[in-house]
Amino acid sequence: MKIRLFILICFSIAFSSGQAQIKHVILVSIDGFHPDMYLDKGWPTPNLQQLMKKGTYANYMLSVFPAYTHPAHAAMETGSFPARSGIAYNQPVNSRGEWFWYYKSIKAPTIWQALKDRGMTTAAIMWPNVVDGPITYNLGEIWDEDHPDDRATPVRKHAIPKGIYEEIEQNATGKLDSTNMNDNYFSLDENAGRMAAYIFKTKKPAFMALHFATVDGEEHEFGRDADSVRLAVEANDRAIGDVMEAIKQSGLKDSTAVIIVGDHGFSTIHQVMRPNMLIRNVPATFIAAGGSAFLYRFANTKKTDEAGIVRAVTDSLNKLPADKRKLFRIISRKELDEMGADSAALLALTAVPGTVFSGAVGKAKATNYGPGTRIQNDPLEGVLIPATGGHHGYDPNIADMHTGFIAYGAGINKGGHIKEMRVVDIAPLIAKLLGIEFNTPDGKLVEGIIK
Ligand SMILES: [Zn+2]
């Protein structure tokens with residue numbers, strides 16, 4: 001009789017608290033992912049379309065401002081906008097080539113530390129902003145400035161714990177090097193998927209984050225909807241299929257939730273605008289972030305000079321002929337605060353889709369915006385220069401910047417559909433699924449995803 005009662009109590013606990021069964025969350029980020037890649041059946045994404053049907057999806061997810069890789073991923077890890085995460089761009093404002101690769105750059109509490117504090121196992125595969133961070137199995141994204149395509153050598157060097165990279169090579173992928181872990185080839189993401197599948201099956205982390213890079217690379221080079229973008233997405237979809245199989249093979253299907261996200265959308269571009277050409281007599285400079293540009297005063301100026309600088313810059317911009325002035329919107333400091341953008345910028349510009357900014361002045365034969373961001377300028381000097389390819393970084397509310405969100409598996413609504421999600425809302429979702437407290441300054445738990 002007592003045993004029967006005990007069993008009954010156990011059953012009622014198991015059924016009443018559905019979340020107690022969720023032991024694992026896998027977060028997959030497709031860099032440059034846009035919602036039509038699953039909403040439009042013409043895209044080669046059968047795995048994503050399956051997950052969307054059997055889980056919950058959003059019409060779109062909003063990035064941060066600027067809609068950039070490192071700030072958006074930091075927002076997912078912290079539930080904070082760039083002003084509070086400390087990751088305002090891909091690179092520090094005074095960068096000499098380095099990017100925000102290291103975890104120590106994040107200034108807000110992270111989901112990683114929160115899970116570690118509770119003794120939970122975590123894993124990061126090619127994920128931005130996490131190198132040397134508090135992650136059990138850490139294969140964070142990093143490259144050497146002199147060899148930006150090589151995504152094997154520096155990752156191996158920083159891998160935690162020691163020997164994990166070699167263990168993966170021996171048991172899952174075969175030898176990994178600068179050719180098959182190279183951001184010019186889809187094998188980079190395919191191998192990252194195999195790494196993740198192996199880590200999940202053998203280490204069973206409570207939380208694993210996986211980042212795919214090549215869709216973004218193809219979009220930068222050829223534009224938002226290019227054929228090579230479809231090939232890259234197809235490779236990512238297959239890699240997600242590998243991860244889904246690993247979940248089944250590990251016997252953890254009933255306790256694992258999978259979240260597929262992107263960091264920003266993409267706009268196909270046809271010209272570069274160089275706003276610093278217009279403010280050469282003002283002691284300030286625009287730092288370009290693709291579809292946006294942020295104004296900073298020179299270090300030798302004073303805080304009290306700021307109002308004058310803003311006025312002078314605004315006047316110069318407003319003097320442009322109407323056909324050029326209509327290419328961008330000026331975003332005031334007040335509005336930047338509301339958007340949670342870098343608090344040191346005096347104002348910002350956000351361009352219309354198709355136009356991007358460059359901080360360069362004078363003659364520029366080719367401008368290097370960093371790995372994965374190749375824009376060939378023609379040698380003509382001028383404020384507007386023709387360009388091809390694609391970019392991001394615009395106001396996240398612009399439709400082109402919308403990114404994607406799909407959740408599936410344990411604890412997730414079947415056949416669910418929400419209108420809007422934000423990258424800052426990802427950390428609260430992970431925390432809720434794993435049953436931990438994690439207070440975020442900007443993110444909130446979105447209704448309609450969890451059962
Ligand atoms: Zn990105």
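This report describes a zinc site and a helix pair in a predicted model.

Residues are numbered from 1 along each chain as its sequence is written. Local features require pLDDT of at least 70 and side-chain atom pairs count only at pLDDT 80 or more, while totals for chains, interfaces and linings use all residues; side-chain values rest on heavy atoms, without hydrogens and water.

**Zinc site**

Asp 31 (OD), Thr 69 (OG1), Asp 263 (OD) and His 264 (NE2) coordinate the zinc ion at 1.9 to 2.1 Å. Donors are N, O and S atoms within 2.8 Å of the metal (3.2 Å for Na, K and Ca); water is not among the atoms, so sites may look incomplete. Angles of 97 to 129° between the four donor atoms make the arrangement tetrahedral, a term that requires all angles to lie between 85 and 135 degrees. Along the chain, the donors follow the spacing D-x37-T-x193-D-H. Thr 69 belongs to helix α4 (residues 69-78) and Asp 263 to the loop between β6 (256-262) and β7 (267-268), so the pair ties together parts that are 194 residues apart in sequence. Helices (H or I, at least four residues) and strands (E, at least two) are DSSP runs, numbered from the N terminus.

Buried denotes under 20% relative accessible area (1.4 Å probe, protein chains only).

| Residue | Relative accessibility | Class |
|---|---|---|
| Thr 69 | 8% | buried |
| Asp 263 | 0% | buried |

**Helix pair**

Helix α10 (residues 214-222) and helix α11 (residues 227-249) have axes that come within 9 Å and cross at roughly 180°. The axes are lines fitted to C-alpha atoms over the stretch in contact, with angles from 0 to 180 degrees between N-to-C directions. The two helices α10 and α11 are therefore roughly antiparallel (over 145 degrees). Contact (heavy atoms within 4.5 Å) involves Thr 214, Val 215, Glu 218, Glu 219 and Phe 222 in α10, which meet Ser 228, Val 229, Ala 232, Val 233 and Asn 236 in α11.

Methods
Parallel < 35°, antiparallel > 145°, perpendicular 65-115°, else oblique. Tetrahedral: all angles 85-135°; square planar, octahedral: opposite > 155°, others 65-115°. Buried < 20%, exposed > 50% of the residue type's maximum accessible area, 1.4 Å probe, protein only.
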